[in-house]
Amino acid sequence: MPIVRPGPDFRAFVDFTIPNGDSLSNGLSLDGFRPSVVLMPSAWTAASLTFQVSKDGVTWFDLYDAGTEISSAVAASRAQALTAAAFAAVPGPYWRLRSGTGGSAVAQGAQRILTVLCRPL
């Protein structure tokens with residue numbers, strides 16, 4: 001279950017953790033919500049951010065739109081809007097965040113906690 005901290009306008013803030021030396025976060029349910037902004041930690045090993053989704057939290061799929069992996073250019077200490085149209089029609093409630101891409105993941109140099117602002121579907 002995600003760490004949900006309700007905000008105004010029925011928003012939720014969910015913390016995803018990428019372990020030290022890894023590129024994938026834990027998988028969390030965002031059932032009923034869609035990600036809209038990611039708050040990047042003050043330390044971030046340079047890499048884009050990509051996403052995986054799952055209908056059951058077991059089998060994961062890289063998130064693509066029109067044949068292109070959904071990627072967000074992120075940087076340390078930045079609030080990055082997640083504006084891809086694909087976020088409006090995700091195939092499952094479970095999400096993971098990846099440092100780098102499916103073909104070129106980037107291991108983080110320490111544990112990173114990324115907070116995602118979610119809005120109701």
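Figure 1. Ala-66 is exposed, with a relative accessible area of 79%, in a model that is predicted throughout. Its place is in the loop between strand S7, residues 64-65, and strand S8, residues 68-69, and the phi angle of Ala-66 is near 50 degrees, a positive value in a residue other than glycine. Ser-77 belongs to another loop, the one between strand S9, residues 71-72, and strand S10, residues 79-81. Ser-77 is likewise exposed, at a relative accessible area of 58%, and its phi, near 55 degrees, is again positive in a residue that is not glycine.

**Figure 2. The protein chain as a whole.** The chain contains twelve strands and zero helices, so that, read from the N terminus on, its elements run β-β-β-β-β-β-β-β-β-β-β-β. Of the 121 residues in the protein chain, 40% are buried, while the chain exposes about 6100 Å², of which carbon and sulfur atoms supply 54%. When contacts between residues at least 6 apart in sequence are considered, 74% of them join residues that are at least 24 apart.

**Figure 3. Strand S11 and the strands paired with it.** Strand S11 spans residues 94-99, and five of its six residues are buried, so this strand is largely enclosed by the rest of the structure. Strand S5, residues 49-54, runs antiparallel to S11 and is joined to it by six bridges, with Tyr-94 of S11 as the bridge partner of Ser-54. Strand S3, residues 28-29, also runs antiparallel to S11, to which two bridges join it, and here the bridge partner of Ser-29 is Tyr-94.

**Figure 4. A network of salt bridges around Arg-98.** The structure holds two salt bridges, and Asp-62, Glu-69 and Arg-98 are linked through them in a network. In the pair formed by Asp-62 and Arg-98, the closest N and O atoms are 2.5 Å apart. That pair links distant parts of the chain, with Asp-62 in strand S6, residues 61-62, and Arg-98 in strand S11, 36 residues apart. In the pair formed by Glu-69 and Arg-98, the closest N and O atoms are 3.0 Å apart. Because Glu-69 lies in strand S8 and Arg-98 in strand S11, this pair ties together parts that are 29 residues apart in sequence. Arg-98 is buried, with a relative accessible area of 6%, and Glu-69 is buried as well, at 15%, whereas Asp-62 is partly exposed, at 29%.

**Figure 5. Gly-102 in the loop between S11 and S12.** Gly-102 is found in the loop that connects S11 with strand S12, residues 112-120, and is partly exposed, with a relative accessible area of 41%. Leaving aside its neighbours within four places in sequence, Gly-102 is in contact with Thr-50, Asp-62 and Glu-69. Although Gly-102 and Thr-50 are 52 residues apart in sequence, their C-alpha atoms are 7.7 Å apart in space.

**Figure 6. Gln-108, a buried residue of a loop.** Gln-108 is placed in the loop between S11 and S12, where, at 1% relative accessibility, it counts as buried. A polar atom of the side chain of Gln-108 lies 2.8 Å from the backbone nitrogen of Thr-45. Leaving aside its neighbours within four places in sequence, Gln-108 is in contact with Ile-18, Asn-20, Gly-21, Asp-22, Trp-44, Thr-45 and Ser-99.

Note on methods:
Residues are numbered from 1 along each chain as its sequence is written. This is a predicted model: local features need pLDDT of at least 70, side-chain atom pairs count only at pLDDT 80 or more; totals for chains, interfaces and linings use all residues. Side-chain values use heavy atoms; hydrogens and water are left out. Buried means under 20% relative accessible area, exposed over 50%, partly exposed in between (1.4 Å probe, protein chains only). Helices (H or I, at least four residues) and strands (E, at least two) are DSSP runs, numbered from the N terminus. Two strands pair if DSSP finds at least two bridges between them. Contact means heavy atoms within 4.5 Å. A polar contact is a pair of N or O atoms within 3.5 Å; within protein, one must be able to donate a hydrogen and the other to accept it, and residues adjacent in sequence count only if both atoms are side-chain atoms. Accessible areas come from the Shrake-Rupley method with a 1.4 Å probe; for residues, only the protein chains shown count as cover. A salt bridge is a side-chain nitrogen of Lys or Arg within 4 Å of a carboxyl oxygen of Asp or Glu.
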